[in-house]
Amino acid sequence: MYEYMTVKEAAEKWGLSVRRVQLLCVEGRIEGAMKHASVWAIPKDAEKPKDERIITGKYIKSKNNNQ
């Protein structure tokens, strides 16, 4: 049987905020995470998802103001 950890435990383990881990669960980015009632269960052996947020401050879409 699998062992699970809470969102708070995952946040401490991965150095993230509790809210960030909740969002990763909602987005389906943590493999094996399941929601039971209002509580997320995350497998203890789950890996921290790669950070795919934009960190350069530049937007992906370029704005074309020359119309």
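Predicted model: local features only at pLDDT ≥ 70, side-chain atom pairs only at ≥ 80, totals over all residues.

Q: Which residues of helix 2 are buried?
A: A residue is called buried under 20% relative accessible area. In helix 2, spanning residues 18–26, these are R20, V21, L24 and C25. They lie on the same side of the helix because they cover an arc of only 140° around the axis.

Q: Which residues are exposed on the other side of helix 2?
A: Exposed means over 50% relative accessible area. R19 and V26 are exposed on that other side. Just after helix 2, G28 has a positive phi of about 75°.

Q: Is K8 buried or exposed?
A: The cut-off for exposed is over 50%. K8, which sits in helix 1, has 54% relative accessibility and so counts as exposed.

Q: How far apart are K8 and W40 in sequence and in space?
A: Compare the separation along the chain with the C-alpha to C-alpha distance. K8 and W40 are 32 residues apart in sequence, and their C-alpha atoms are 9.8 Å apart.

Q: How many salt bridges does the structure hold, and where?
A: The test is a side-chain nitrogen of Lys or Arg within 4 Å of a carboxyl oxygen of Asp or Glu. The structure holds 1 salt bridge. R29 pairs with E27, with the closest N and O atoms 3.7 Å apart. R29 is partly exposed at 25% relative accessible area, and E27 is partly exposed at 47%.

Note on methods
Residues numbered from 1 in each chain as written. Heavy atoms only, no water. Buried < 20%, exposed > 50% of the residue type's maximum accessible area, 1.4 Å probe, protein only. Helix = DSSP H or I, 4+ residues; strand = E, 2+ residues; numbered from the N terminus. Arc of directions from axis to C-beta.
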